[in-house]
Every structure is written in structure tokens, then in C-alpha cells.
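Thanks for coming. I will go through one structure and say what can be read from it. Please have a look at it before I start.

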Amino acid sequence: MGRRTQADRDAITIEIGYAFVSAGFAAAVVFGAVYGPAPAFSLSAATGHALAVAGGIAAGAVFLLRITHVLGRFARRSENDGR
């Protein structure tokens, strides 16, 4: 494997940034969907805490899965392009 060009390094940087921003957005949506009913429906503190924990776990999983998906797709695309 040869040296990477500046364009290749820039593409990797942009893809990593996109992966983190889109993963953060997806994680926020998932957390809001899971935890949202707690304050909206005035649920008990224990239920709110349980939803916050479940939302945090789900959001973390979505975050990691999204980053893995985006960067894996980029790596496969780069291999197919001969980079």
C-alpha cells in the first residue's frame, strides 16, 4: 500500500466527522424517543430513572453501530476504488 494523497486524507477526515455527527444525531433521537415519555407524562422518579438508563444504553449502542456502519462502508468503498 502506497502513501495516501492529501485528497485521500481529507476524504477520511470528512468521513470520520460525518460518522460522528450523524451518530450523535441518531443517538440523541433514540435517547429522546426512549426517555421522552418520562417528563411528558409525569412518570414516577424510578420510572424516569429507568427510562434514562435504558435510553442511555440504547443511544450508546446506536452511536457505536452508526459509526461502525459509516466507516465500514467508507473502507469498503475505498478498497473498491483501488485506494
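This is a predicted model: local features need pLDDT of at least 70, side-chain atom pairs count only at pLDDT 80 or more; totals for chains, interfaces and linings use all residues.

**How the helices pack**

Helix 1 and helix 3 pack with their axes 7 Å apart, at an angle of about 155°. An angle over 145 degrees counts as roughly antiparallel, so helix 1 is roughly antiparallel to helix 3. The crossing of helix 1 with helix 3 is right-handed. Sorted by class, the contact between helix 1 and helix 3 has 24 nonpolar residues, 5 polar ones and 4 charged ones.

Glu15 sits in helix 1, which covers residues 6-35. Is Glu15 buried or exposed? Its relative accessibility is 11%, and buried means under 20%, so Glu15 counts as buried. Which residues is Glu15 in contact with, leaving aside neighbours within four places in sequence? They are Val70, Leu71, Arg73, Phe74 and Arg77.

Two more residues give a sense of distances. Ala11 also belongs to helix 1. With a relative accessible area of 22%, Ala11 is partly exposed. Between Ala11 and Ser78 there are 10.0 Å in space, C-alpha to C-alpha, although they are 67 residues apart in sequence. Now take Val62, which is in helix 3. Val62 counts as partly exposed, at 24% relative accessibility. Not counting residues up to four places away in sequence, Val62 touches Ala26, Ala27 and Val30. Val62 and Ala40 are 22 residues apart along the chain, and their C-alpha atoms are separated by 23 Å.

On to the aromatic rings. How many aromatic pairs does a search of the whole structure find? The search finds 2. One of them is Phe20 with Phe63, at 5.9 Å centre to centre and 65° between the planes. Planes over 60 degrees apart count as edge-to-face, and that is the arrangement of Phe20 and Phe63. Phe20 is in helix 1 and Phe63 in helix 3, so this pair ties together parts that are 43 residues apart in sequence. Phe20 is partly exposed at 43% relative accessibility, and Phe63 is partly exposed with a relative accessible area of 25%.

Phe31 and Tyr35 also form an aromatic pair, with 5.5 Å centre to centre and 25° between the planes. Planes under 30 degrees apart count as stacked, and Phe31 and Tyr35 are stacked. Both Phe31 and Tyr35 lie in helix 1, 4 residues apart, which is about one turn of the helix. Phe31 counts as partly exposed at 31% relative accessibility, and Tyr35 counts as partly exposed at 29%.

Where is Ser42 found? Ser42 is in the loop between helix 2, residues 37-40, and helix 3, residues 45-80. Most residues other than glycine have a negative phi. Phi of Ser42 is near 50°, a positive value in a residue other than glycine. Ser42 has a relative accessible area of 63%. Exposed means over 50%, so Ser42 is exposed.

To recap, helix 1 is roughly antiparallel to helix 3, and the Phe20 and Phe63 pair ties helix 1 and helix 3 together. That is all I have.

Conventions
Residues are numbered from 1 along each chain as its sequence is written. Side-chain values use heavy atoms; hydrogens and water are left out. Helices (H or I, at least four residues) and strands (E, at least two) are DSSP runs, numbered from the N terminus. Buried means under 20% relative accessible area, exposed over 50%, partly exposed in between (1.4 Å probe, protein chains only). Contact means heavy atoms within 4.5 Å. Axes are lines fitted to C-alpha atoms, for helices over the stretch in contact, and angles run from 0 to 180 degrees between N-to-C directions. Angles under 35 degrees count as roughly parallel, over 145 as roughly antiparallel, 65 to 115 as roughly perpendicular and the rest as oblique. A crossing is left-handed if the near helix is turned anticlockwise from the far one by less than a right angle, and right-handed if clockwise. Ala, Val, Leu, Ile, Met, Phe, Trp, Tyr, Cys and Pro count as nonpolar, Asp, Glu, Lys and Arg as charged, and the others, Gly among them, as polar. Rings of Phe, Tyr and Trp (its six-membered ring) pair if their centres lie within 6.5 Å; planes under 30 degrees apart count as stacked, over 60 as edge-to-face and the rest as tilted.
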